[in-house]
Amino acid sequence: MITRFNHQLNKTLPEESWKKLLASGIQNLHELASFLNLDANALLPEGTQQRDLEAGFMTRIPLPYASRIKKGDLHDPLLRQVLPSLYEQQSATGFVADPLDEAHFNPINGLLHKYASRALLVASSACPVHCRYCFRRHFGYTDNNPGKERWAQVFDYLRADTGINEAILSGGDPLSAPDSHLAWMAEQLASIPHIRRLRIHTRFPVVIPQRVNAELLDWLQALSLQKVVVLHINHPAEIDGQVIHALNRLKAANVTLLNQSVLLKGVNDSAEVLAELSEALFAAGVLPYYLHLTDKVANTAHFDIQEAEALTIFGQLQALLPGFLVPKLVREIPNRASKTIIATEIGGAYS
Ligand code: SF4
């Protein structure tokens with residue numbers, strides 16, 4: 001089993017290999033324990049079924065990401081992000097399936113329209129990794145999976161609203177979709193006169209950097225819209241040489257790179273770790289953009305950090321970094337005109 005993993009990671013990877021890496025990700029906790037030199041009972045307590053821990057959200061860990069988890073360390077911050085645990089069974093007051101009320105901002109299959117100037121397209125329901133704190137782990141993907149004809153309705157909607165100047169490809173992870181489909185969507189968007197920017201929210205360059213291949217770069221480079229990729233990296237150990245290589249390729253295709261993180265208990269809830277993350281991002285050509293407080297999603301309460309503690313961490317972070325490397329501390333509150341900024345600087349805290 002381990003030989004199979006090592007072989008896949010070490011050989012020179014062809015452009016199409018991301019699909020193989022996607023298909024071969026770890027889904028079984030016994031395999032994971034073996035890969036990480038951990039006791040299987042530490043991941044899957046005796047008498048517990050894996051599906052009990054997963055609470056309806058299956059385990060999925062791609063090999064490039066798994067290879068960055070420190071072997072033998074049950075408390076590794078990357079492992080904590082992807083390892084299902086008994087904590088997911090606990091119900092917590094205020095933690096619900098749709099805390100952002102996204103069902104109310106879903107006028108057409110595949111489209112979320114929360115903020116006036118930008119609209120979000122659910123380009124894929126699939127993700128290469130299943131982050132245990134995911135804010136969309138209960139999202140109604142089966143109702144948001146349009147075929148090409150239904151996409152035409154989405155483009156008509158965008159064409160009719162001249163206040164929308166930015167289209168966001170999201171999901172799931174939009175880069176789970178084939179490049180032919182993404183290129184088609186991007187062309188449709190570029191044909192709408194008031195759309196200026198294409199933004200792509202993705203974790204692929206971090207968890208399977210091989211996804212940033214020639215096919216993806218070809219259509220991105222050819223696209224007339226301004227291009228922004230918002231990465232989702234929570235910890236500096238998520239960034240290795242392959243990730244930096246993928247980011248360099250995106251920059252070379254005239255893509256602006258930003259990062260959003262989620263403040264997660266036991267993962268990155270320290271100013272030192274966050275400062276190291278900002279430094280590593282900037283060294284890789286990425287600007288830290290948002291630091292999110294967690295959304296109150298059912299099965300994820302064990303990652304939650306109270307606002308007062310977040311503000312303390314944020315104040316310490318400011319003392320470690322130049323201002324341009326300090327992300328905005330934000331929370332999403334439904335029915336507001338934008339994300340709610342909790343703090344851009346201590347002393348200037350909004351709440
Ligand atoms: S990549 Fe994003 S959408 Fe997918 S599981 Fe992780 S947080 Fe959720």
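In what order do the nine strands of the open sheet sit? The legends below start there.

**View 1. The sheet.** The order is β1-β2-β3-β4-β5-β6-β7-β8-β9, with mixed pairing. (A strand is a DSSP run of E at least two residues long, a helix a run of H or I with at least four, both numbered from the N terminus; two strands pair if DSSP finds at least two bridges between them.) At the edges stand β1 (111-115) and β9 (340-343); each has a single partner strand, so one side of each is left without a neighbour in the sheet. From one strand to the next, the twist averages 30° (axes are lines fitted to C-alpha atoms, and angles run from 0 to 180 degrees between N-to-C directions). This is a predicted model, where local features need pLDDT of at least 70 and side-chain atom pairs count only at pLDDT 80 or more, while totals for chains, interfaces and linings use all residues. Residues are numbered from 1 along each chain as its sequence is written.

**View 2. Zooming in on β5 and β6.** Strand β5 (residues 226-232) runs parallel to strand β6 (residues 255-262), and six bridges join them. Pick out valine 228: its bridge partner in β6 is threonine 256.

View 3. Domain 1 covers 2-89 and domain 2 covers 102-343, with bounds from an automatic or database domain assignment. Their C-alpha centres lie 23 Å apart. Domain 1 puts 26 residues into the contact and domain 2 puts in 25 (residues are in contact if their C-beta atoms, placed from the backbone, lie within 7 Å). On the domain 1 side, α2 (17-23), α6 (63-66) and α7 (77-82) are the elements giving two or more residues, and α7 has the largest share, with five. That side has 17 nonpolar, four polar and five charged residues. (Ala, Val, Leu, Ile, Met, Phe, Trp, Tyr, Cys and Pro count as nonpolar, Asp, Glu, Lys and Arg as charged, and the others, Gly among them, as polar.)

**View 4. Around the ligand.** Surrounding the ligand are Cys127, Val129, His130, Cys131, Cys134, Arg136, Gly171, Gly172, Asp173, Arg203 and His232; a residue is near if its C-beta atom, placed from the backbone, lies within 6 Å. Sorted by class, this shell has four nonpolar, four polar and three charged residues.

**View 5. Stepping back to the chain.** Altogether the chain's secondary structure comes to 14 helices and nine strands. Its C-alpha trace spans about 55 × 50 × 40 Å along the principal axes.

Notes
Two residues are in contact if their C-beta atoms, placed from the backbone, lie within 7 Å.
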